[in-house]
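Here's a quick briefing on ring pairs and packing. Have a look at the model first, then read on.

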Amino acid sequence: RRQEKMRHILKTATEVFAEKGYAGASTNEIAELAGISKRSMYYYMGDKDTLYASVLKELLNGAYELIDINIKDNLTPEEKLRYFICSVAQVGSDRKLHSIVLRELLSGGEFLPKYVVEGLDKLFATFSSILEEGKKESRFGDVNPFVACMMLFSFFVHWNLVVPFMTKADLRTAEIKALGTGVSDQLIDEVHKIFVQFLKKR
């Protein structure tokens, strides 16, 4: 019962924080939308800072687990790269996560907990290890893993933000139709192919 109540509050808070950010959200509104008293919300989840941190942790843990689960030791560097790309693509399609994180980053990141950045650093480390393994096996050339990983993250965030508007405006319809507006296998394959070609030519 307690866990169900906490999940309900987290879900409601996620919606509000995604729409209004930390500064624009109020505990009164979250409690009202969750159908509980403000006192009960504090009892289950703590104050606004604690609730906000819980929302981000819930979203980010799911994102980071995708990469840990998908990448196995017995894969080639190219296969690991594809699974990493696939995981990042799924993270990039989480509009609530990016609505919250991007909103805060654009306003200076004052309310983002430290573990958000630490989690991103963990992803960079995973990506770097894949490239290093490929380099040792003479499959990949020498590239800056931080820059390459940022390029990958940025692509999927922008894909999910920009392509829907291009579709509505009837722009690049043939290219978009071939790849799909969401995260499709065709899109993953195309990004993977480009990255492998890029890495092998260094």
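Two rings of Phe, Tyr or Trp (its six-membered ring) count as a pair if their centres lie within 6.5 Å; planes under 30 degrees apart are stacked, over 60 edge-to-face, and the rest tilted. By that rule, a search of the whole structure turns up nine aromatic pairs. This is a predicted model: local features need pLDDT of at least 70, side-chain atom pairs count only at pLDDT 80 or more, and totals for chains, interfaces and linings use all residues. Residues are numbered from 1 along each chain as its sequence is written, and side-chain values use heavy atoms, with hydrogens and water left out.

**Phe84 and Phe127**
- The ring centres of Phe84 and Phe127 sit 5.2 Å apart with planes at 45°, so this pair is tilted.
- Phe84 is in helix H5 (residues 77-92) and Phe127 in helix H7 (residues 114-136), so the pair ties together parts 43 residues apart in sequence; helices are DSSP runs (H or I, at least four residues), numbered from the N terminus.
- Phe84 is buried at 0% relative accessibility, and Phe127 is buried at 0% too (buried is under 20% relative accessible area, exposed over 50%, partly exposed in between, with a 1.4 Å probe and protein chains only).

**Phe155 and Trp159**
- Phe155 and Trp159 make a tilted pair, 5.6 Å centre to centre with 35° between the planes.
- Both lie in helix H8 (residues 145-168), four residues apart, about one turn of the helix.
- Phe155 is partly exposed at 31%, while Trp159 counts as buried at 11%.

**Ring cluster**
- Ring pairs link Phe17, Tyr22, Tyr52 and Phe111 into a cluster.

Methods. Helix = DSSP H or I, 4+ residues; strand = E, 2+ residues; numbered from the N terminus.
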